Amino acid sequence: MDRPVIIALDFVDGSAAQALLDQFKGESGLWVKVGMELFYREGPQFITQLRDKGYHVFLDLKLYDIPHTVHQAMQQIGRLGAELTTVTGLGGADMIRAAKEGLLEGAAEAGTKAPKLLAITQLTSMDERAMHCTMQNDEFSLLDSVVHLAQLAATSGADGVISSALEVGKIHDATPSGFLTVNPGIRLAADARDDQSRVVTPQRAAELGSDGIVVGRSITQASDPLAAYHTIRQQFEGSTVR
């Protein structure tokens, strides 16, 4: 995975997602994220369709259940050809290990490469106050929580985590080399924060050491999504996109 800019297809159905993607014809190596809303509407066949069209797919379902159920679900996901997928880190070590095992088994049965497994640490919509209200625990800071969950994920077989770019340095310091940090909560400087709390620009994410960024509304709601995508790539990569 070469530090991608991943476009979040946060649409109600496949037709709306495809209408956006039609504006990116000619762009090679495009990464897209399919989340719960779109996946629950269109189903597994939509992932297959995207892969058949040459897109790199991040299937972001944030699975969180008992280890057996997550294992069985990840077997199904492992068959789809997605390249990234997620569990919720708060599910614990046994659940993360079960997820990885399920992915490997499903991919082997389908004869495809298993997706890399990323664990959600704390959502970028979460701030310090909200985390303490949710967790009912003032002993640890939000940063402590993120780093702890990253370490747990690393020792449980995950390939990386989802976090704010603001935490990337601490995560890299606390985890093995090659452990991935993929970061949502990305906005261009002039864009609204919307429902996000821990937000950075693409350039700042690159400076902080991000291994990949997920960008939704700054691209999908732009007047010219393709131009916005190029701007974000330029800022993230630090060079002109050709």
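The protein exposes about 11100 Å², an area computed by the Shrake-Rupley method with a 1.4 Å probe, where for residues only the protein chains shown count as cover. Carbon and sulfur atoms supply 48% of this area. The model is predicted: local features need pLDDT of at least 70, side-chain atom pairs count only at pLDDT 80 or more, and totals for chains, interfaces and linings use all residues. Residues are numbered from 1 along each chain as its sequence is written, and side-chain values use heavy atoms, with hydrogens and water left out.

Of the 242 residues, 50% are buried (under 20% relative accessible area; exposed is over 50%, partly exposed in between; 1.4 Å probe, protein chains only). The secondary structure comprises 11 helices and eight strands (DSSP runs numbered from the N terminus: helices are H or I, at least four residues; strands are E, at least two).

The largest nonpolar core has 53 residues. Such a core is a set of buried Ala, Val, Leu, Ile, Met, Phe, Trp, Tyr and Cys residues joined through side-chain atoms within 4.5 Å. Leu 9, Val 34, Leu 59, Met 74 and Val 87 have the most contacts inside it. Another core, of 11 residues, lies apart from the largest one and includes Leu 118 and Val 214.

Phe 24 and Tyr 229 form an edge-to-face aromatic pair, 5.6 Å centre to centre with 80° between the planes (ring centres of Phe, Tyr and the six-membered ring of Trp within 6.5 Å; planes under 30 degrees apart are stacked, over 60 edge-to-face, the rest tilted). Phe 24 lies in the loop between helix H1 (14–21) and strand E2 (31–34) and Tyr 229 in helix H11 (residues 225–237), so the pair ties together parts 205 residues apart in sequence. Both Phe 24 and Tyr 229 are buried.
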